Amino acid sequence: MSGKYLVTGGAGYVGSVVAQHLLEAGHEVVVLDNLSTGFREAVPAGAAFVEGDIRDAAKWLDASFGAVLHFAAFSQVGESVVRPEKYWDNNVGGTMALLQAMRTAGVRTLVFSSTAATYGEPEQVPIVESAPTRPTNPYGASKLAVDHMITGEATAHGLGAVSLRYFNVAGAYGDCGERHDPESHLIPLVLQVAQGRRDAISVYGDDYPTPDGTCVRDYIHVADLAEAHLLALRVAAPGEHLICNLGNGNGFSVREVVETVRRVTGHPVPEVAAPRRGGDPAVLVASAGTAREKLGWRPSRADLAGIVADAWEFAQRRKDVRAGKGSGA
């Protein structure tokens with residue numbers, strides 16, 4: 001059954017892909033984004049666009065909306081350490097205002113973009129939702145605070161909510177892909193080296209207790225991630241807050257990612273050894289059992305080479321646009 005949905009942060013990477021999936025499923029989509037980190041051209045054709053802040057969501061939110069899918073947040077871990085107030089103000093304060101606007105409008109369904117950063121240093125892997133939540137930076141702490149807020153809203157006011165805790169999102173979907181500025185995610189950074197836009201990729205630590213000494217991470221294709229959000233809309237139940245990890249359940253090391261980029265692109269990717277970064281766990285891999293059981297979700301694009309190939313195609317299109325060779329998104 002089709003519906004009308006507000007997608008906050010829908011001009012960003014994940015939000016734009018989810019908005020596209022909603023449109024393809026026959027839904028009406030309104031994107032709300034202040035463009036502080038998003039891009040107007042990333043908003044899918046067919047979605048209505050409102051340039052504005054989530055603190056002002058009450059101006060546009062009314063009972064005609066069936067649900068809100070909430071992606072609007074600052075997400076740079078390093079920045080959150082030096083500017084924590086920015087993350088508490090926007091991620092927590094902004095979401096509080098959004099929840100109030102939803103309550104006032106009578107919109108009682110929410111799908112929230114959470115993060116594996118809520119767990120911090122895991123005691124065991126794969127990580128399950130019952131694992132201790134001990135975030136190691138203000139970004140993860142702000143997302144965890146929102147999860148607690150949502151639980152309270154569900155209990156006190158009947159909100160039906162699903163929080164989806166992502167691991168490492170990668171890949172591209174059509175004209176939607178990663179275009180962060182500055183870029184901090186591994187796969188697009190390695191692709192920039194393959195494109196000649198960077199001299200080398202820094203490998204932070206090569207002495208971890210992993211098979212090749214580099215960090216291991218769980219990569220999930222952004223299209224698989226988007227499909228989980230549509231499934232979450234179906235299962236959100238009044239008065240309940242469901243939390244699901246989203247990942248493939250398989251880990252790939254930094255060196256495996258670099259080697260996959262070399263193989264997919266056919267370009268050299270020089271490496272530069274660098275010291276470990278504080279707070280980088282050796283292994284972060286998700287258990288997605290809850291998502292399988294509660295959402296009926298299974299990732300179908302778990303092959304790392306396929307994820308890299310989609311990201312490479314998008315990066316090459318973007319490179320052509322910057323060079324004036326095309327008019328892509």
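Val 7 stands opposite Leu 69 in strand 4. Keep in mind that this is a predicted model.

**Exercise 1.** Work out which strands pair with strand 4, and in which sense.

*Solution.* 
- Step 1: Strand 1 (residues 4-8) runs parallel to strand 4, with four bridges joining them.
- Step 2: Now look across to strand 5 (residues 109-115), which pairs with strand 4 over three bridges, again in the parallel sense.
- Step 3: Leu 69 turns up here too, standing opposite Val 111 in strand 5.

**Exercise 2.** Decide which residues cover each face of strand 4 (residues 67-70).

*Solution.* 
- Step 1: Recall the general rule: side chains in a regular strand alternate between the two faces of the sheet.
- Step 2: Sort the residues by side. Ala 67 and Leu 69 sit on one side, with Val 68 and His 70 on the other.
- Step 3: Check burial. These four are all buried, so both faces of strand 4 are covered.

**Exercise 3.** Find out how the buried residues of helix 7 (residues 254-265) are arranged around its axis.

*Solution.* 
- Step 1: Check the length. Helix 7 has twelve residues and spans 17 Å from first C-alpha to last, close to the expected 16 Å.
- Step 2: List the buried residues: Val 254, Val 257, Val 258, Thr 260, Val 261 and Thr 265.
- Step 3: They cover an arc of only 160° around the axis, so they lie on the same side of helix 7.
- Step 4: Look just past the end of helix 7, where Gly 266 takes a positive phi of about 75°.

**Exercise 4.** Say how many disulfides the structure holds, then settle whether Cys 176 and Cys 244 are buried or exposed.

*Solution.* 
- Step 1: The disulfide count is zero.
- Step 2: Cys 176 has a relative accessible area of 6%, so it is buried.
- Step 3: Cys 244 is buried as well, with a relative accessible area of 0%.

Notes:
Residues are numbered from 1 along each chain as its sequence is written. This is a predicted model: local features need pLDDT of at least 70, side-chain atom pairs count only at pLDDT 80 or more; totals for chains, interfaces and linings use all residues. Side-chain values use heavy atoms; hydrogens and water are left out. Helices (H or I, at least four residues) and strands (E, at least two) are DSSP runs, numbered from the N terminus. The expected span of a helix is 1.5 Å times one less than its number of residues. Buried means under 20% relative accessible area, exposed over 50%, partly exposed in between (1.4 Å probe, protein chains only). The arc is that of the directions from the helix axis to the C-beta atoms. A disulfide is a pair of cysteine sulfur atoms within 2.5 Å. Two strands pair if DSSP finds at least two bridges between them.
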